[in-house]
Amino acid sequence: MSNVFVVAVDGPAGSGKSSVSKAAAKQLGFAYLDTGAAYRALAWYLDDAGIDGGNTALVIASLPGFDYRIGTDPDEYFVLVGSTEVTDAIREPRISALVSQVARVPEVRTFVNNLFRTIIASTEKPGIVVEGRDITTVVAPDAPVRILLTASEEVRAARRGAELTGDAAKTAAEALAKRDRADSAVTEFMTAAEGVYTLDSTHLDFPATIAAVVERVHNGLATPEPAHTTE
Ligand SMILES: Nc1ncnc2c1ncn2[C@@H]1O[C@H](COP(=O)(O)OP(=O)(O)OP(=O)(O)O)[C@@H](O)[C@H]1O
Ligand SMILES: Nc1ccn([C@@H]2O[C@H](COP(=O)(O)O)[C@@H](O)[C@H]2O)c(=O)n1
């Protein structure tokens, strides 16, 4: 049984899950697991093979051949499908537009969740920050620190838009809202589940958001596990 300290972070698209989680993991000396990358890599793999991601039977049949690896060192992040590095390719708007239809397939979710649990259990660092949409509720509901990282849709769109210019910014904002709508039909990440702390970064800058996550972890580390009693 692994003693790794799990920090579970969920939230909508563009809420800062990956950038904040990665930075927090670096500060804490923890590993970092980006779960969205697995869904993105599967969407890339299907697209590359010319398989329609909307064809559920074909998607399920493709799972045994999906050879996926991800780096969990926050300083050396990479994503591999077979021997192909897809770290950047899976961020392309084309893949973002395809990913939700793959993520809605229950067999896909079971497949990747098993992968995530294996990765978490084999972490060699004292802790791991795991981010996605259903980490606080499905993948690691018993994590000692569970956070729903959110921000208003306008602020998330503006932050994404700041990475782009002109029409690309508008298109990205629309794509972000569309993806949240599709993903919301499958997982609940707009409202925190019971016991999950909501961190709203709408009015927080990047360093303050990271500090808020790190502080929760320090508090969690300082809180002893409840004593087991025998009757
Ligand atoms: N508190 C913050 N203040 C300002 N910018 C922020 C803040 N948090 C995150 N950002 C910026 O917002 C953008 C989106 O963040 P990020 O890519 O980490 O989101 P995400 O939730 O992982 O998105 P996705 O689900 O689409 O992968 C990035 O440019 C990031 O640097
Ligand atoms: N736990 C998760 C994580 C992700 N998804 C799906 O993957 C897509 C990409 O995720 P990003 O975090 O990289 O934006 C996301 O839009 C979801 O469709 C998921 O279902 N569960």
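Author: Two strands count as paired if DSSP finds at least two bridges between them. The strands themselves (E, at least two residues) and the helices (H or I, at least four residues) are DSSP runs, numbered from the N terminus. This is a predicted model, in which local features need pLDDT of at least 70 and side-chain atom pairs count only at pLDDT 80 or more, while totals for chains, interfaces and linings use all residues. Residues are numbered from 1 along each chain as its sequence is written, chains are lettered from A and ligands numbered from 1 in the order in which they are written, and side-chain values use heavy atoms, with hydrogens and water left out.

The setting comes first. An unreviewed UniProt entry annotates residues 7-218 as "domain: Cytidylate kinase"; its positions follow the numbering used here, feature names are shortened, and annotations may be inferred rather than shown by experiment.

One open sheet has five strands, in the order 2-6-1-7-8, with parallel pairing. Strand 2 (31-34) and strand 8 (197-200) form its edges; each has a single partner strand, so one side of each is left without a neighbour in the sheet. Neighbouring strands here are turned by 25° against each other on average, direction ignored (axes are lines fitted to C-alpha atoms, for helices over the stretch in contact, and angles run from 0 to 180 degrees between N-to-C directions).

Within this sheet, six bridges link strand 1 (residues 5-10) and strand 6 (residues 127-132) in the parallel sense. A8 faces V130 of strand 6. Helix 5 (residues 106-121) packs on the sheet and touches strand 1, strand 2 and strand 6, where contact means heavy atoms within 4.5 Å. The direction of helix 5 makes about 175° with that of strand 2.

Another open sheet consists of three strands in the order 3-4-5, and its pairing is antiparallel. Strand 3 (68-70) and strand 5 (84-85) are the edge strands, each pairing on one side only. Strand 4 (residues 79-81) runs antiparallel to strand 5 and is joined to strand 5 by two bridges. V81 is set opposite T84 of strand 5. A helix accompanies this sheet as well: helix 2 lies across strand 3, strand 4 and strand 5, and runs at about 35° to strand 4.
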